[in-house]
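Here is a protein chain to read together. Take a look first, then follow the dialogue.

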Amino acid sequence: MAPIQTTVTPFPVAEGSGVNFGAVVSNVDIEQLTDADFKIIRQALFEQQVLVFKNQGHVSPKAQFELTQRFDPTASSYGHGKTLDAKRSILHPDLKTIPHQPQVQVIGNGFVAEYEGLHNIQLRHPHHRTFHATTIPEADDLAYTRFYRWHIDAALYGLAPPVVTSLLAVKVPSGRTQVCRYDDGSGDELVVPLGTTAFASGYTMYDLLSPADQEFARTAKVEYAPHPYVWMSGAKSRSDGLGMVSEGKEIPLADLPPIEADKVQILPVCWRNPVTGRLALQIHPSAVRALHLADGTVIDDLAEVREIVHRLQRPGIAPRFVYPHDWEEGDFVLFHNRGLIHSVVGAFAPEEVRLFRQCNVAASHFPEGPETVETAVA
Ligand SMILES: [Fe+2]
């Protein structure tokens with residue numbers, strides 16, 4: 001009998017939904033992946049952007065790393081490299097590294113006595129009150145939530161953005177739903193499963209723009225702050241999690257760790273999909289510092305830069321375009337980090353234990369822009 005072929009089934013599209021990405025991959029065991037499986041998975045990843053593999057709770061950190069790295073076999077350092085060592089980085093408290101597979105991190109919520117060589121770890125699901133300029137009142141905190149921070153997984157200083165990120169749900173507290181509010185005057189809100197990861201397509205974000213804005217997006221570049229996660233650590237986010245408010249609270253460049261000019265990144269606004277050729281509007285909104293326009297103009301007024309970026313990105317995170325994944329234990333999700341932005345959502349009680357494994361690898365090459373060719377990292 002022929003082996004059962006790996007199948008890729010696009011998510012069903014709900015009435016009124018604008019989510020045109022995502023698929024479930026069946027008949028595959030990530031622990032025992034064949035070359036034929038990977039060929040199908042790679043093609044599907046670049047076509048569907050989010051892939052969900054059910055019942056993969058047995059997958060080892062090693063197999064998780066190997067699948068993640070297979071998308072970029074010459075990549076060597078992990079997602080943020082040593083940039084996380086800075087004590088002031090806003091990412092520092094949220095990640096714990098697995099000792100025997102340091103490219104894989106444990107994230108989640110609550111106390112875990114032992115897991116994969118980690119002992120007595122206290123995990124903390126990020127809560128918007130620690131990052132947003134305004135907050136949902138305490139009395140409403142159980143029923144309502146926000147997008148914590150829309151982002152690309154990337155150091156944005158020195159290291160190239162990872163191609164893919166993998167997430168494994170090891171332990172998921174029993175579900176309820178919350179209403180995710182944008183709180184930006186639009187009245188927009190979205191019912192989401194507790195502790196969802198929300199995804200929004202960069203391709204949709206680009207397609208929704210007017211022809212003039214598409215032209216702008218195709219020709220402009222974004223300059224990211226040096227040591228962006230330290231730089232932004234004094235500042236606060238907009239209520240929709242899509243970039244920062246401008247109150248002059250960023251750490252002055254002179255107070256950052258030493259800056260190496262050649263590590264500062266100026267990346268295209270649009271990144272080309274290596275398989276489909278489509279353009280994704282890919283900006284990490286909270287790390288943006290300046291815009292470089294086609295005619296050589298540099299916009300470095302932070303408030304103005306952020307307004308422009310927000311105007312370009314906001315339509316793409318409207319409720320009908322957001323996919324909030326409903327996590328079940330054993331779900332292994334692989335997502336195209338160069339074609340999507342994503343956000344943590346939700347608030348857990350301290351005793352609700354959630355345990356996830358995350359892996360990404362800083363890429364060997366920068367994303368291809370609308371006209372540029374891929375450039376190897378020195
Ligand atoms: Fe992330």
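Q: How many helices and strands does the protein chain have?
A: This is a predicted model. The protein chain has six helices and 21 strands.

Q: How many of the 378 residues count as buried?
A: The share is 46%. Contacts tell another part of the story. Among those with a separation of 6 or more, 75% join residues 24 or more positions apart.

Q: In what ways do strands of a sheet pair?
A: They pair through backbone hydrogen bonds, either parallel or antiparallel. Take the open sheet with the order 7-9-10: its three strands show mixed pairing. Strand 7 (144–145) and strand 10 (189–193) are its edges, each pairing on one side only. Strand 7 runs parallel to strand 9 (residues 177–181), over two bridges. Tyr144 has Val179 of strand 9 as its bridge partner.

Q: Which order do the strands have in the open sheet of four?
A: The order is 13-12-16-17, with antiparallel pairing. Its edge strands are strand 13 (266–268) and strand 17 (298–299). Three bridges link strand 13 to strand 12 (residues 221–224). There, Glu223 stands opposite Ile266.

Q: Which helix packs on that sheet?
A: Helix 6 (residues 302–313) does, touching strand 16 (288–292) and strand 17. Its direction makes about 80° with that of strand 16.

Notes. Residues numbered from 1 in each chain as written. Predicted model: local features only at pLDDT ≥ 70, side-chain atom pairs only at ≥ 80, totals over all residues. Buried ≥ 20, exposed ≤ 12 C-beta atoms within 10 Å, placed from the backbone. Contact = placed C-beta atoms within 7 Å. Pairing = 2+ DSSP bridges. Axes fitted to C-alpha atoms, helices over the stretch in contact; angles between N-to-C directions.
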